[in-house]
Amino acid sequence: MPRRRLWGVPPATPAAETPTGLVRRARKMHRVLAETYPEAHCELDFANAFELLVVTVLSAQTTDRRVNAVRPTLFAAYPTPEAMAQADREVLEGILGPLGFFRAKTESLLKLSAALVERYDGEVPPRLADLVTLPGVGRKTANVVLGNAFDVPGITVDTHFGRLARRFGWTEETDPVKVEHAVGALFAKKDWTMLSHRLIWHGRRRCHARNPACGACPVARWCPAFGEGPTEPEVAEKLVKTEARR
Ligand code: SF4
């Protein structure tokens, strides 16, 4: 059984927490994460909404670093939806090869860019309802694009965000859309995009799926999952992934 920390200050557990207490605790944790990670941002490189849409689709089942590595070649060859829709399949597969699942990803990009050309005059639509109708685009991708290319607040529930929201006791939901709504209700809408970046940043650097660095965690005192990873500072510090160690 993971060790659980008993706080000296009530509420001792999220189960005993009032809705107002939960909002206060969640916002306090967010403020501390904001101070801890002032540089948090979307880790995918992009120059415009089309690029962000494409690289977000490509980031499924691979790392942002790998996607960033293929991006210059990809957009040098196909800078617009029109160009990408007419891409030679084999050439595109060759560019996407390092990402894995390159045949499926090639198919996704061909369909996505064709839909942009046919239905939106080659422009990325700035509305969630439109974005999610595009091939291969779900709410997660749509919210990334809205928040980072259009400044429309959005919560991005990826694997890190969902895991952390549950560890933090912000929600027990596992369905990403339910997590999005439950966590969204705890914060002002204007904070949603940066909240997403900071949770994902924390998940990638400290609050790992296995062996979270609890003993080196700035939000440990408000986290009911404290103890899921090593609590000894010297041990935990070694688990922290810095930019150099990522
Ligand atoms: S690292 Fe540990 S204490 Fe920090 S948020 Fe994750 S589970 Fe909680």
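**The ligand shell and its setting**

Tutor: Of the 14 residues around the ligand, those that come nearest are Cys 207, Pro 212, Cys 214, Cys 217 and Cys 223; a residue is near a molecule if its C-beta atom, placed from the backbone, lies within 6 Å of it. By class, this shell comprises 10 nonpolar, 1 polar and 3 charged residues, where Ala, Val, Leu, Ile, Met, Phe, Trp, Tyr, Cys and Pro count as nonpolar, Asp, Glu, Lys and Arg as charged, and the others, Gly among them, as polar. The model is predicted: local features need pLDDT of at least 70 and side-chain atom pairs count only at pLDDT 80 or more, whereas totals for chains, interfaces and linings use all residues. Residues are numbered from 1 along each chain as its sequence is written.

The setting comes next. The domain assignment, which is automatic or from a database, gives domain 1 (14-36 + 155-237) and domain 2 (49-149). Their centres, taken over C-alpha atoms, are 29 Å apart. To the contact between them, domain 1 contributes 10 residues and domain 2 contributes 6 residues; two residues are in contact if their C-beta atoms, placed from the backbone, lie within 7 Å. On the side of domain 1 that touches domain 2, H10 and helix H11 (192-205) each supply at least two residues. That side has 5 nonpolar, 3 polar and 2 charged residues.

Helix H10 (residues 176-184) has Val 179, Glu 180 and Val 183 buried, a residue being buried if 20 or more other C-beta atoms lie within 10 Å of its own, exposed if 12 or fewer, and partly exposed in between, with C-beta atoms placed from the backbone. Seen down the axis of H10, the buried residues fall within an arc of 100°, so they line one face of the helix; the arc is that of the directions from the helix axis to the C-beta atoms. Helix H8 (139-149) and helix H9 (159-167) are among what covers the buried residues of H10.

As for the whole chain, there are 12 helices and 0 strands; helices (H or I, at least four residues) and strands (E, at least two) are DSSP runs, numbered from the N terminus. The radius of gyration of the chain, 20 Å, is close to the 18 Å that the globule rule gives for 246 residues, so the chain is as compact as a globular protein of that length; the radius is taken over C-alpha atoms, and the rule is 2.2 Å times the number of residues to the power 0.38. Of the 246 residues, 38% count as buried.
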